[in-house]
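Reader: Got a model to go through. Can you put it up, and we'll take it from the top?
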Amino acid sequence: MIFLSSAYLTELAVLAFAVLGKIRDPAAFAAAVAGYRILPARIARAGVPLVVVAELASVLLLAAPITRLWGAALAIGLFAAFAVAMSSALRRGLRVDCGCFSPGAADPIGPGSLTRTGLLLVLAVLALLGARQSFRPADLLVATLMGVLILVLSELVRLLAQPSGHLA
């Protein structure tokens, strides 16, 4: 099934983009992590480089066919942890920057970011299931379409979750 053989490409691109945003502004990413108030500030600061290294490791592992299974497994762990952190912050009524791609870019967590993270988690599971499949050129097109679909669906959820008259 082409979705299984393409999913790793979407995951690889999303995680690579996320890593670039975080290393471009590590202070903003550290502030976003601290904003979740899940860990004490000192531990949260120490965990910031670990998140970036884990995302980068997932990218590198996904890129090589022999390690793709491990990259997908790591991506599952990352997106599951991100979903738990977002859910926790939302449940506690916190309004914090997602810290997902461009920390400090006014991307607060909410239904849209949680949907995006959940869909990326599902995609990571698909990547795990398809980790042994060989690459086909059509995978590039399908991976791109899956990425666009995730962005469109999460943006639609974000817009629909806003109170009437507050679309922005």
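Author: A definition before we start: contact means heavy atoms within 4.5 Å. This is a predicted model. In the protein, residues 24 or more positions apart account for 73% of the contacts with a separation of 6 or more.

Reader: OK. How many helices and how many strands?
Author: Six helices and zero strands. Along the sequence the pattern reads α-α-α-α-α-α.

Reader: How does the radius of gyration sit against the globule rule?
Author: The radius of gyration is 16 Å, close to the 15 Å that the rule gives for 168 residues, so the protein is as compact as a globular protein of that length.

Reader: And what box do the C-alpha atoms fill?
Author: Roughly 45 × 40 × 25 Å, along the principal axes.

Reader: Surface next. What is the accessible area, and what share belongs to carbon and sulfur?
Author: The accessible surface is about 9,000 Å², with 75% of that belonging to carbon and sulfur atoms. As for burial, 38% of the 168 residues count as buried.

Reader: Now the largest nonpolar core. Which residues touch the most other members?
Author: Y36, F79 and I109, out of 29 residues in that core. Elements giving two or more residues to this core are helix 1 (2-24), helix 3 (41-63), helix 4 (68-91), helix 5 (111-129) and helix 6 (138-161).

Reader: Stay on Y36. What does Y36 touch?
Author: Leaving out residues up to four places away in sequence, Y36 touches A85, M86, A89, R92, L94, V96, D97, C98 and I109.

Reader: What about R37? Buried or exposed?
Author: R37 is exposed, with a relative accessible area of 57%. The cut-off for exposed is over 50%. R37 lies in the loop between helix 2 (26-35) and helix 3.

Reader: What is phi there, at R37?
Author: Near 50°. That is a positive value in a residue other than glycine.

Reader: Switching to R136. Where is R136 found?
Author: In the loop between helix 5 and helix 6. R136 is partly exposed, at 37% relative accessible area.

Reader: What is R136 in contact with?
Author: M1, I2 and S5, leaving aside neighbours within four places in sequence.

Reader: Last one. How far apart are R136 and R91?
Author: 45 residues in sequence, and 42 Å in space, C-alpha to C-alpha.

Note on methods. Residues numbered from 1 in each chain as written. Predicted model: local features only at pLDDT ≥ 70, side-chain atom pairs only at ≥ 80, totals over all residues. Heavy atoms only, no water. Helix = DSSP H or I, 4+ residues; strand = E, 2+ residues; numbered from the N terminus. Rg over C-alpha atoms; globule rule 2.2 N^0.38 Å. Buried < 20%, exposed > 50% of the residue type's maximum accessible area, 1.4 Å probe, protein only. Areas by Shrake-Rupley, 256 points an atom, 1.4 Å probe, with all protein chains shown as cover. Core = buried A, V, L, I, M, F, W, Y, C linked by side-chain atoms within 4.5 Å.
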